[in-house]
2 protein chains.
Amino acid sequence: MTQISQSPAEAVIAALRPILGERLSVNDAIRQQHARGEDTTAPTTPDAVIFAETTEEVSRILALCHQHGVPVTPFGAGTSLEGHVNPVRGGISLDLSRMDAIEEVSAEDMDCLIGPGVTRQLLNDHLRDQGLFFPVDPGSHCTIGGMCATRASGTNAVRYGTIRENVLQLEVVLADGRVIWTGSRARKAANGYDLTRLVIGSEGTLGVITKIRLRLHGVPEAMSAAICQFPTLADAVNTVITTLQAGVPVARMELLDEVQMEACIRFSKLEGLAAAPTLFLEFHGSEAGVAEQAETVQGIAADHAGSNFAWAREAEARNRLWKARHDAYWACIALKPNHRGIATDVCVPISRLAEALLGAKEDIEASGLTAPIVGHVGDGNFHTVILVDQADPTALDRAWALDRQIVHRALALGGTCSGEHGVGIGKREFLEAEHGPEALAVMRSVKQALDPKGILNPGKIFRN
Amino acid sequence: MTQISQSPAEAVIAALRPILGERLSVNDAIRQQHARGEDTTAPTTPDAVIFAETTEEVSRILALCHQHGVPVTPFGAGTSLEGHVNPVRGGISLDLSRMDAIEEVSAEDMDCLIGPGVTRQLLNDHLRDQGLFFPVDPGSHCTIGGMCATRASGTNAVRYGTIRENVLQLEVVLADGRVIWTGSRARKAANGYDLTRLVIGSEGTLGVITKIRLRLHGVPEAMSAAICQFPTLADAVNTVITTLQAGVPVARMELLDEVQMEACIRFSKLEGLAAAPTLFLEFHGSEAGVAEQAETVQGIAADHAGSNFAWAREAEARNRLWKARHDAYWACIALKPNHRGIATDVCVPISRLAEALLGAKEDIEASGLTAPIVGHVGDGNFHTVILVDQADPTALDRAWALDRQIVHRALALGGTCSGEHGVGIGKREFLEAEHGPEALAVMRSVKQALDPKGILNPGKIFRN
């Protein structure tokens, strides 16, 4: 047997095949499925896809890849919007979706221990009988491992925090196969460097997350939703600012601009609503508490020209409202047949939100493209879904140009290029402008310290 | 002029003196004041104390110290309980207490930009007229820079989080004098490695914090306090667990054991209360909301044999109650003349809290020492104040032995050696047991990457 012409990836595949059997695949269709997420980046196929099932396997795989210098790109549900899962330098796509065990739930500690492949829907279905829930909700069918890797958040962050605030501990396999636990199961700890937060948002470039201990929350006694419409975006934003200052513990506070509302009204058949800037709100608490919160916000909204304030106390009406919000992306797509959507994702200090939004709207208008706006406005985070005509060869470039304009304005206003989708490939070009060369150099030095051979998700976060 | 016999520290002092004038001091009394914090570690004097006033100065000082390999130990208010500020290898004690400017407060963004020498009292006094407050309250006259460095928390963390959740950005001077900004002013960001959280809790070993952008909170419309007594610690703990599960947004929830209550009753002349396990509670919200919260908790307490439930709605009565809680340490000291107190600080998953507390009480009893217990029980964090007879040469060693027992039990129960006081010198011996050698090796590799010459607060967190 000669191995002279064997590439490093081939060597790893040959060593792992006897152990993993069919869970190591070089099948074209499977490799294509792992070539990109839900974004418009150029697909890049891995040499092989491995469906890992245990921490020990991940450790063994990484140790071998480290030895041979073979890139490893973690893969969850493939819902990335910024190219995180593209194996841009080939190697192994490490699919963790089968590591989906809910190993422990503690009602007393209000925490749980799960595999990275557990989705938030799976977890919340499991928790339903126990009076507990996991609040972080990016709205997609993502895995919680992927949410940790990209520092995800979503609609509930204004009250419950992002994934960052809801993770107690991580089991992480390092580049060379060593396995560590970060943090502490205790609710708080001043016990050395915060490796949990270092790994959260590191996008698979510092280690592979193999277990997660999450904080859970008690299901509130009562929930109610409300909707309110405004003549201008600024009125809606000022309602949000005043609500936050008043300390109303709003659970969700979402802004849809008039274009997005028009799309939602059509797509979700919402009645009695105008195509105007609109806030979708949700309140959690006691029966009396949610009523009081809704009244307070109604009063604040009225001070800012809000109208059509409507409550939905029953689960059915509430779910219909939030389904319309969650379907916002599909409502956008339905606006224009044969178009696809590119999601932008900036976040600014809330005092600059109206400016960022109005500026984005001007840019959209100047671009000639259609791009509804929807935002997690309590955090200062908003998305546009830029609709790209798949038949127009110039449309994609114009869409990226528009995205860049929106990002650069957000940076100029003291904001960030990514509120919750992460850096991946798509936002790398903005990192130096956002952080400065020295802070970026610190990030690189941490990367170098933890992954000296650069095998973990190469080509992400950093440009080289 | 000959410089042959000049030590590295002398070289740095000579270079800085013309720039800093009297703000660089080699005065014995000033060096002694910077030899330790409020703990019982052996004092170690620096070669010089520098009272820095600007980021540029800190940058220049670090660049010089880096060049000459001179240790730098940051110093704030000197309230450390774990030896953080001891310049164990001499060099420069970098006193940041004069960097106490409140540079910006934004009511709209509910944030502020401050120097590291600002204390929480100074900040809250400044904010009083603006309807905003900074909730993290370790109870001492510490600086917020020191709180960031040690990942401090205190009585409000159960509702408002620790300092970790309340910092948006840091300006940090790196070991070689480079200056970076971490994070983003946006409320959330998925924009690369979380350098903010990496620096928080790094105890001055990765960089010197020179500016802090903090999240602020709206002053609640209403606040009320309550107190409730229990026959056993387990009853009190179960009341806390049920309250958290019910989602009652308690702002403070503090447990005092019967020894601590006896001390407080005597010291603060509390009337109508027994020397029994007691919860001190505080509720924030609307008028109706705090009333509802108090009623809910009263009901839960009654289910767990709680008695003497008493409310304090007026500010005066509420302040008297919380003054008694804040004076708990002094009440302990007053129990035994000529004793000093050693504060322990463990945190466990809340399901194990009763076990940790009862185990600690057994250990205390077996030790023959007096050690009241007080805890931030909503987080699973508790302190004992071990009273040490200053005339008894064996007492200090027995106190440390007791501390070790309490820590080892907390670790065995899945907890941490430090809930909020940090590692410093005092907790270094437990870090490997808590994190394992590999995770500790990761921390060391990060330290090596950011401070290759080891000049920043050497001898802290890591044993060597």
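Visitor: How much area do chain B and chain A bury between them?

Guide: The size of an interface is often given as the accessible area lost when the parts come together. In this predicted model, chain B and chain A bury about 6100 Å² between them, with 57% of that on carbon and sulfur atoms. On the chain B side, B:Lys188, B:Ala190 and B:Tyr193 lose the most area to chain A, together 16% of what that side buries. As for contacts, 77 residues of chain B touch 77 residues of chain A.

Visitor: And how many salt bridges are there between chain B and chain A?

Guide: The count is 8. One joins the side chains of A:Lys188 and B:Asp379, at 3.4 Å from N to O.

Visitor: Which helix of chain B gives the most to the side that touches chain A?

Guide: That's helix 16, with 10 residues. Other elements of chain B supply at least two residues each, including strand 9 (179-181) and helix 10 (287-303). By class, this side of chain B has 32 nonpolar, 27 polar and 18 charged residues.

Visitor: Now the packing: at what angle do helix 9 and helix 12 of chain B cross?

Guide: Their axes cross at roughly 90 degrees and come within 8 Å, so helix 9 of chain B is roughly perpendicular to helix 12 of chain B. Among the residues that meet there are B:Cys264 and B:Phe267 from helix 9, and B:Trp330 and B:Leu335 from helix 12. The residues of this contact divide into 9 nonpolar, 1 polar and 1 charged.

Notes
Residues are numbered from 1 along each chain as its sequence is written. Chains are lettered from A and ligands numbered from 1 in the order in which they are written. This is a predicted model: local features need pLDDT of at least 70, side-chain atom pairs count only at pLDDT 80 or more; totals for chains, interfaces and linings use all residues. Side-chain values use heavy atoms; hydrogens and water are left out. Contact means heavy atoms within 4.5 Å. Buried area is the accessible area (1.4 Å probe) that two parts lose on being put together, summed over both. A salt bridge is a side-chain nitrogen of Lys or Arg within 4 Å of a carboxyl oxygen of Asp or Glu. Helices (H or I, at least four residues) and strands (E, at least two) are DSSP runs, numbered from the N terminus. Ala, Val, Leu, Ile, Met, Phe, Trp, Tyr, Cys and Pro count as nonpolar, Asp, Glu, Lys and Arg as charged, and the others, Gly among them, as polar. Axes are lines fitted to C-alpha atoms, for helices over the stretch in contact, and angles run from 0 to 180 degrees between N-to-C directions. Angles under 35 degrees count as roughly parallel, over 145 as roughly antiparallel, 65 to 115 as roughly perpendicular and the rest as oblique.
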